[in-house]
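Please keep the sequence and the structure at hand while reading.

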Amino acid sequence: MDQTQRRILGHPISVPTSQPKKKRTSMISFFFKVSWKLRSQKREPSKSVFSILAERARDPNAKKRHMAMRVLGTMACEAPDKVRKYKKVVLDLLVHGLCDPMSSEVIHESMNTLTIILGKIQGKSLGSFFIDITLQTRTLLDDENDSLRYLAFVLFGQLAAFAGRKWKKFFTSQVKQTQDSFLIHLQDRNPQVAKACKTAFRACSPYLKLRKEHSFQSEEDQRNPKLCRQLSHYHPELLQFFYANKIL
């Protein structure tokens with residue numbers, strides 16, 4: 001893991017410590033209903049909480065799905081050990097939330113919670129969820145919603161640190177397919193998105209390094225002219241970083 005990847009892991013997406021009164025009340029109401037249901041059914045607490053969340057995460061009502069994702073985020077912050085124990089269940093719910101066909105709020109909350117959870121578990125034992133999260137996150141990099149684009153770049157940058165040997169080839173192909181999105185959003189109309197894009201681009205830069213078998217080509221032939229041209233014009237410092245690390 002290089003320094004850039006460590007930096008991005010050290011700055012997960014911030015979670016507000018206080019919530020609007022209406023949302024805070026609905027959260028308390030949700031937990032009250034869950035607690036009442038557990039007492040009436042006399043089931044094992046943690047397992048039952050996740051069972052109820054699983055029901056809410058697939059509820060036809062978008063507000064209930066959104067609330068389920070929000071509760072998972074709260075649990076990731078306040079009870080990380082429980083989340084680790086039921087990691088597969090949690091990741092399955094969050095991946096499902098990423099693909100929500102109706103609500104951008106559910107998608108936003110799912111991504112936000114994923115950035116927290118991936119930081120807590122350091123990307124360990126993601127299994128095939130790594131592929132699901134990567135593919136879906138890529139589709140959101142060009143979303144018209146600023147908040148979704150921002151979180152997508154934050155999450156994609158995190159994933160760069162967790163590919164490991166198992167998913168290196170897969171993630172390399174995803175990064176190469178994402179180059180146009182990087183170039184576009186380095187100039188994003190939203191400064192926060194542009195900044196997140198730049199950070200993610202740096203985190204993903206090791207996956208852009210040329211393979212050894214291409215070393216017989218001249219230095220000029222190996223370089224990506226479109227990428228070099230755009231970076232030279234808009235982000236010379238980023239181009240210098242790539243040259244210094246022999247990425248371009």
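A crossing of two helices is called left-handed if the near helix is turned anticlockwise from the far one by less than a right angle, and right-handed if it is turned clockwise. With that convention in mind, α9 passes α10 in a left-handed crossing. The model examined here is a predicted one.

**The chain as a whole**

The protein chain contains 15 helices and 0 strands. Of its 248 residues, 46% count as buried, and the chain exposes about 13800 Å², of which carbon and sulfur atoms supply 53%. Among the contacts between residues at least 6 apart in sequence, 69% join residues that are at least 24 apart.

Two packed helices are described by the angle between their axes and the distance between the axes.

| Helix pair | Angle between axes | Distance between axes |
|---|---|---|
| α4 (residues 62-78) and α7 (residues 104-121) | roughly 15° | within 9 Å |
| α6 (residues 87-98) and α8 (residues 129-140) | about 25° | 10 Å |
| α9 and α10 (residues 168-177) | roughly 145° | within 10 Å |

The axes of α4 and α7 cross at roughly 15°, and these two helices are therefore roughly parallel to each other, a description that applies to angles under 35 degrees. α4 passes α7 in a left-handed crossing. On the α4 side the contact is made by A62, R65, H66, M69, R70, L72, G73, A76 and C77, and on the α7 side by E105, V106, E109, S110, T113, I116, I117 and K120. Sorted by class, this contact has 8 nonpolar, 4 polar and 5 charged residues.

For α6 and α8 the packing angle is about 25°, which makes α6 roughly parallel to α8. Here too the crossing is described as left-handed, with α6 passing α8. K88, L91, D92, V95 and L98 of α6 meet F129, D132, I133, Q136 and L140 of α8, and by class the contact comprises 6 nonpolar, 1 polar and 3 charged residues.

The axes of α9 and α10 cross at roughly 145°. F156, L159 and A160 of α9 make the contact with F171, Q174 and V175 of α10, and by class it has 5 nonpolar residues, 1 polar residue and no charged residues.

**Two buried residues**

L155 lies in helix α9, which spans residues 146-162. Its relative accessible area is 0%, so L155 is buried, the cut-off for that term being under 20%. Leaving aside neighbours within four places in sequence, L155 is in contact with M111, L114, T115, L118, I133 and T137; I133 is also one of the α8 residues that meet α6. The C-alpha atoms of L155 and N112 are separated by 8.4 Å, although these residues are 43 residues apart along the chain.

Where is V83 found? V83 belongs to helix α5, which covers residues 80-85, and at 5% relative accessibility V83 counts as buried. Not counting residues up to four places away in sequence, V83 touches F50, M75, A76, V90 and I117. Among these, A76 and I117 also take part in the contact of α4 with α7. V83 and I121 are 38 residues apart along the chain, and their C-alpha atoms are separated by 9.2 Å.

Terms used. Residues are numbered from 1 along each chain as its sequence is written. This is a predicted model: local features need pLDDT of at least 70, side-chain atom pairs count only at pLDDT 80 or more; totals for chains, interfaces and linings use all residues. Side-chain values use heavy atoms; hydrogens and water are left out. Axes are lines fitted to C-alpha atoms, for helices over the stretch in contact, and angles run from 0 to 180 degrees between N-to-C directions. Helices (H or I, at least four residues) and strands (E, at least two) are DSSP runs, numbered from the N terminus. Angles under 35 degrees count as roughly parallel, over 145 as roughly antiparallel, 65 to 115 as roughly perpendicular and the rest as oblique. Contact means heavy atoms within 4.5 Å. Ala, Val, Leu, Ile, Met, Phe, Trp, Tyr, Cys and Pro count as nonpolar, Asp, Glu, Lys and Arg as charged, and the others, Gly among them, as polar. Buried means under 20% relative accessible area, exposed over 50%, partly exposed in between (1.4 Å probe, protein chains only). Accessible areas come from the Shrake-Rupley method with a 1.4 Å probe; for residues, only the protein chains shown count as cover.
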